[in-house]
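Here is a short note to read alongside the model. The points below are meant to be followed with the structure open.

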Amino acid sequence: MGQIQILEKLNTELQKEVYDEIQVVYILSRIRKYLELNKSDTTKYKYLKFFCNWALHSRIDEPGA
């Protein structure tokens, strides 16, 4: 899945009302995927990356987490 498709899916989901945890997890997973594909500056988005990881992993033990 390319960056444009991820952004399109993310945009579609963000246009909707967020009603439940499933939507939040999906949105955070798309953001995380986009950041990884885009090789975004991890220090610039460290809090966003943390919450994306937190939503997708039951345990976070990497340095700086």
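1. H2 and H3 cross in a left-handed way, where left-handed means that the near helix is turned anticlockwise from the far one by less than a right angle, and right-handed means clockwise. The contact of H2 with H3 counts nine nonpolar, two polar and one charged residues. In that count, Ala, Val, Leu, Ile, Met, Phe, Trp, Tyr, Cys and Pro are nonpolar, Asp, Glu, Lys and Arg are charged, and the others, Gly among them, are polar. The axes of H2 and H3 come within 9 Å and cross at roughly 125 degrees. That makes H2 oblique to H3, since angles under 35 degrees count as roughly parallel, over 145 as roughly antiparallel, 65 to 115 as roughly perpendicular and the rest as oblique. Axes here are lines fitted to C-alpha atoms, for helices over the stretch in contact, with angles from 0 to 180 degrees between N-to-C directions.

2. A word on the source: this is a predicted model, in which local features need pLDDT of at least 70 and side-chain atom pairs count only at pLDDT 80 or more, while totals for chains, interfaces and linings use all residues. Residues are numbered from 1 along each chain as its sequence is written, and side-chain values use heavy atoms, with hydrogens and water left out.

3. For the overall picture, the protein chain has three helices and zero strands, running α-α-α from the N terminus. Helices (H or I, at least four residues) and strands (E, at least two) are DSSP runs, numbered from the N terminus. The C-alpha trace spans about 35 × 25 × 20 Å along its principal axes. Of the 65 residues, 20% count as buried; buried means under 20% relative accessible area, exposed over 50%, and partly exposed in between (1.4 Å probe, protein chains only).

4. Which residues of H2 and H3 meet? From H2 come Val 25, Leu 28, Ser 29, Ile 31, Arg 32 and Leu 35, and from H3 come Leu 48, Phe 51, Cys 52, Asn 53, Ala 55 and Leu 56. Contact means heavy atoms within 4.5 Å. Leaving aside neighbours within four places in sequence, Val 25 is in contact with Ala 55 and Leu 56. The C-alpha atoms of Val 25 and Leu 56 are 7.2 Å apart, although 31 residues separate them along the chain.

5. Now turn to the other helix pair. The axes of H1 (residues 3-14) and H2 come within 10 Å and cross at roughly 155 degrees. H1 and H2 are therefore roughly antiparallel to each other. Their contact divides into nine nonpolar, three polar and four charged residues, and the crossing of H1 and H2 is left-handed.

6. Glu 13 lies in H1 and is buried, with a relative accessible area of 12%. Not counting residues up to four places away in sequence, Glu 13 touches Gln 23, Tyr 26 and Ile 27. Lys 33, in H2, is partly exposed at 32% relative accessibility. The C-alpha atoms of Lys 33 and Leu 7 are separated by 10.0 Å, with the two residues 26 apart along the chain.

7. What makes up the largest nonpolar core? Its six residues are Leu 10, Ile 27, Leu 28, Ile 31, Leu 35 and Cys 52. Helix H2 (residues 21-38) gives the most to this core, with four residues. A nonpolar core is a set of buried Ala, Val, Leu, Ile, Met, Phe, Trp, Tyr and Cys residues joined through side-chain atoms within 4.5 Å. Ile 31, one of the core residues, is in contact with Leu 10, Leu 48 and Cys 52, leaving aside its neighbours within four places in sequence.

8. Finally, please look at the loop between H2 and helix H3 (46-56), where Tyr 45 is found. Tyr 45 is partly exposed, with a relative accessible area of 30%. Beyond its neighbours within four places in sequence, Tyr 45 is in contact with Leu 35 and Ser 40. Tyr 45 and Leu 35 are 10 residues apart in sequence and 8.7 Å apart in space, C-alpha to C-alpha.
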